[in-house]
Amino acid sequence: MSSAAQRVPALETEAVSGARLVVQALEREGVTHVFGYPGGAIMPVYDALTGSSLQHILVRHEQAAALAADAYGRVTGRPGVCIATSGPGATNLVTGIANAFLDSVPMVAITGQVASPLMGTDAFQEVDIFGITLPIVKHSFLIRRTADIPRVFAEAFRIASSGRPGPVLIDLPKDVGVMAAVPEPFELPEEPQQELDEAATTAANALIADANSPVLYFGGGVAIARAERALREFAERSGIPAVGTLKGLGAIPTDHPGFLGMLGMHGSRAANIAIDNCDLLICVGARFDDRATGKLDSFAPNARVIHIDRDPAEIGKLRAADVALTGDLSAILDQLTARPKADGWVSQCQAQKKLWAARYDAPGAGIYAPALLKELSEAAGDKAIFTCDVGQHQMWVAQHCRFSRPQAHLTSGGLGTMGYGVPAGVGAVLAEPDATVITVSGDGSFMMNVQELATIRRYRLPLKIVLIDNSQLGMVRQWQELFFEENFSEIDLSDNPDFAEVTHAFGIEAFTIDHRSQVSGAIERLLNTDGPILCHVRIDPRENVWPLVPPNSSNVQMMEKGW
Amino acid sequence: MSERLVVSFTPTEGAVIRVLGLVERRGYSLRGLAMEERADCASMTIDLEARDASRRVEVVARQLDRLVDVNSVSIVTARQGSPA
């Protein structure tokens, strides 16, 4: 880091308790919401929270605090904050912290710790959360001195949101929170500025100008860098067909003519064919993830690669780049001004897009989830934010909903966390109160954080939940059907509770539909209800997600539905 | 084939484990280690060996370099380096 430093605002000159310094530090960072659950070691902080400007959202399980903070961070671009006590409170945050790490989401997680003299003695509710989370944080702190609290928090927020964002853990021993100290003045180092690589930019423009069949492959890094404007302008002026990853969806609007769809395992055939035939792959804020590439050595086999990323460590990790450009994505994209001579290629891609467009004329009278989601997405419009759980419904949302901005699609991409959807909905409603926030869940995922219906009720959050119920762990069942010779093992959820009744028990409106003729009315009811509401949708348990690239196959070896 | 990295870092709490843990998690076995610390700066010389041929030492060096406590990482070939 540069030695140039930035001075922080004036701090207290009188001794203040560590817990009060924590609250002041959060207020200084502009935090308005924190998600958490109190307990023994973190009680001093909860004591100091009363009377502060912070709105604490009391969840019913610490995992939900971390997942709600994750969603809050994705929508606002500022670190989401979660708090838990030591021991089980801290370990319950772990899944949410890992979720944020895998998807590069800014987050600050605060954990209470047993008092310093007890650390290392197997004290009640003692666990080494600092050590446990080392592989899943961008950085972490264990605060040893009360006077260091303002500096540590300022550093934590800077680290969480700068460069490639990620979660930062702050572990606070109870005595450090109780003791009073005069905070020590400190300076934060300036963030280093990365210079544009002119030679690499020239080389990239030359590759683009020479290309006959280029493809723009963009990912979640675009949203993280808030580089949508630059990406869209680059796509427009170059005319290069574009494909997006799961996390990239919305960076270029899904209804843009040049957008061919999501690539990869459940991607569109047009996107995967374009990748297979391209002679130049321009990768922007994506990381050649295995769900996107399929068998790596058959991914874009004849293409040269321009790899653009904020994080130099992504360059060459899985696919060698002919030209690498690291730094601010917008600044880099604005320098790419060459146009390929690829009119024939663009027409070819458009023809494939038309040929392989999704069909919604499923036989029968049962509810076809892709058609329902498409209709819901169109009715909800651009003010909608969709949060997903993980499984078949997650892929249907990605395939069939329309997104005009990446913040409208909150999905657990890297970790694939079942149970993300409802807490993420909580976080999204609070991050953007004017949005219509819709959680699409499955019957497996929903039960993993069903307790958060109580949080929704407590704060009267107007979350719309669409629970797609096939009485199975659908994605596992699909794989067992296709790749394990129909040996169905532990996927039956036919003893699910009555989800509408469960929701009623939490004091939330809910209803069930199971026939195609009920879909339009249900969508209207969902969107016209002021408060929270759940629509329980029964579907055919045999329905699968199509297309599908089998494991360890090239992306063009796609399996399709039978009708 | 064994490779050698020299990692300069600020020896804050957890920094050593953070560096070594990353090396192991990213597909390398530790084959040798030496460390020295002076004031607020420390240096580690790590001999490491990839568990499979697809791993490139340049990548793990960049992954180390992005750790907050790490100041610089240099790749030293076995012939150039001094014994750990």
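These numbered points go through the predicted model, from its domains down to single residues.

1. Domains. Start with the overall division of chain A. The domain assignment gives domain 1 (5-189), domain 2 (198-355) and domain 3 (369-538). Between the C-alpha centres of domain 1 and domain 3 of chain A there are 30 Å. These two domains are in contact, through 22 residues of domain 1 and 25 residues of domain 3.

2. The domain 1 side of that contact. Two elements of chain A give two or more residues each to the side of domain 1 that touches domain 3: α3 (62-76) and α4 (88-102). Helix α3(A) provides the largest share, 11 residues. By type, the residues on this side of domain 1 are 11 nonpolar, seven polar and four charged.

3. Contact between chains. Chain A also meets chain B. Here 12 residues of chain A are in contact with 13 residues of chain B. Strand β7 (residues 139-142) of chain A gives the most to the chain A side, with three residues. That side of chain A consists of seven nonpolar, three polar and two charged residues.

4. The six-stranded sheet. Chain A has an open sheet of six strands with parallel pairing. Read across the sheet, the order is β13-β12-β11-β14-β15-β16. Strands β13 (259-262) and β16 (323-326) of chain A are at the edges, and each pairs on one side only. From one strand to the next, the twist averages 15°. In general, strands of a sheet pair through backbone hydrogen bonds, either parallel or antiparallel.

5. One pair within the sheet. Look at β11 (residues 214-218) and β12 (residues 242-244) of chain A. They pair in the parallel sense over three bridges. To find one bridge, go to A:L216: its partner in β12(A) is A:A242.

6. A mostly covered helix. Helix α11 (residues 269-277) of chain A has seven of its nine residues buried. These are A:R269, A:A270, A:A271, A:N272, A:I273, A:A274 and A:I275. What do the buried residues of α11(A) pack against? They pack against β11, β12, β13 and α14 (343-355) of chain A. Three of those partners, β11, β12 and β13, are strands of the sheet in point 4.

7. A helix with a buried face. In helix α20 (residues 474-483) of chain A, the residues A:G474, A:M475, A:R477 and A:Q478 are buried. Viewed down the axis of α20(A), the buried residues fall within an arc of 160°, so they line one face of the helix. Their packing partners are α16 (392-400) and β19 (436-442) of chain A. Just after α20(A) comes A:E485, with a positive phi of about 50°.

8. A proline in a loop. A:P406 sits in the loop between α16 and β18 (409-410) of chain A. Is A:P406 buried or exposed? A residue is buried if 20 or more other C-beta atoms lie within 10 Å of its own. A:P406 has 24 C-beta neighbours inside 10 Å, so A:P406 counts as buried.

9. What surrounds that proline. Leave out residues up to four places away in sequence. A:P406 then touches A:V222, A:A223, A:E228, A:G248, A:L249, A:G250 and A:A251. Compare sequence and space for one more residue, A:V437. A:P406 and A:V437 are 31 residues apart in sequence, and their C-alpha atoms are 14 Å apart in space.

Key: Residues are numbered from 1 along each chain as its sequence is written. Chains are lettered from A and ligands numbered from 1 in the order in which they are written. This is a predicted model: local features need pLDDT of at least 70, side-chain atom pairs count only at pLDDT 80 or more; totals for chains, interfaces and linings use all residues. Two strands pair if DSSP finds at least two bridges between them. Helices (H or I, at least four residues) and strands (E, at least two) are DSSP runs, numbered from the N terminus. Axes are lines fitted to C-alpha atoms, for helices over the stretch in contact, and angles run from 0 to 180 degrees between N-to-C directions. A residue is buried if 20 or more other C-beta atoms lie within 10 Å of its own, exposed if 12 or fewer, and partly exposed in between; C-beta atoms are placed from the backbone. The arc is that of the directions from the helix axis to the C-beta atoms. Two residues are in contact if their C-beta atoms, placed from the backbone, lie within 7 Å. Ala, Val, Leu, Ile, Met, Phe, Trp, Tyr, Cys and Pro count as nonpolar, Asp, Glu, Lys and Arg as charged, and the others, Gly among them, as polar. Domain bounds come from an automatic or database domain assignment.
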